[in-house]
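Here's a quick tour of the spaces in this structure, plus one residue worth a look. Have the model open as you read.

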Amino acid sequence: MHACTESAELGLYTRPVYHLSREDSTNPLILVCDHASRYIPEALDNLGLDDTAAGEHIAWDIGALQLAEQLAEKLGATLLSANYSRLLIDLNRPRHAPDSIPAQSEIYQIPGNRELDEATREYRRQTLFKPFHARLQTLIDERLAKGQAVRVVGIHSFTPVYYGQPRTLEIGVLFVHAKAYAQRLLNGLDEHSLQVAGNQPYKIDPLGDMTVPVHGDARGLDSVLVEVRNDLLRSPQAVSLWAGYLAPLL
Ligand SMILES: [Zn+2]
């Protein structure tokens, strides 16, 4: 096992952990984009990945931030987005989940996450994970204390080819408790003749996810994740189309 390789003295994580926009919005919707960024501090050398792999879906959700920003703009809604790559620590996994700091993601090995000692893992949890979730929790607390309605929606994207298999699905709505809210979204998306499905391409693991089970379901709030196939989010015009489908439904 290697020694602790990250610490405050190294100044690795100097950029803000998250970006919060329209904090004082009165729209019940809180948009969360936890896989928004591919940013890995330069000193970590892309965690040993080559440039192509470090720009792939394993590092971030391609196009998700642009979609979340357009939705936030259209609806005047609050958006909390992450400023670091999910490969450093995945904000949508509980802090002690095996894939919180992945040594492998889909078909890619992540050399820089192999054999990390516990002190380094804890440092990432304290520095990157904790502030993001604390901010989201406080945001929700404040609104509930004022008697405001809250809905928590994660905006994600997924790769068109997964373990070599092409995916035809275009958009998925992932949920556990919020069945009626999710169904309303699914019905609305269906009207545009899209390849749409509930709880695909992934299912939410109540013990292995964060946004929906922790910030939504556990607090009795309507909460879903929206997953759009990332090849459909490669231009501003394409993103606008999806924002147009989703905005009236959220
Ligand atoms: Zn994601």
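Start with the largest pocket: 29 residues line it, and Arg 86, Asp 90, Arg 93, Tyr 162 and Tyr 202 lie nearest its centre. This is a predicted model, where local features need pLDDT of at least 70 and side-chain atom pairs count only at pLDDT 80 or more, while totals for chains, interfaces and linings use all residues. Residues are numbered from 1 along each chain as its sequence is written, and side-chain values use heavy atoms, with hydrogens and water left out.

**The largest pocket**
- A pocket here is an open set of points on a 1 Å grid over the protein atoms alone, with protein on both sides within 12 Å along at least five of seven lines; lining residues have an atom within 4 Å of a point.
- The largest one holds about 630 Å³ of space, a volume being the space filled by probe spheres set on the points, which are joined across faces, edges and corners.
- β4 (104-105), β6 (151-158) and β11 (222-229) each supply at least two lining residues, and β6 gives the most, with three.
- Strands are DSSP runs of E, at least two residues long, and helices are runs of H or I of at least four, numbered from the N terminus.

**The largest cavity**
- A cavity is a set of grid points where a 1.4 Å probe fits but cannot get out.
- The largest cavity has a volume of about 60 Å³.
- Its lining includes Val 17, Asp 34, Arg 86 and Leu 128.

**Arg 135**
- Look for Arg 135 in helix α3 (residues 118-145).
- Arg 135 touches Tyr 18, Leu 20, Glu 23 and Leu 80 (heavy atoms within 4.5 Å), not counting residues up to four places away in sequence.
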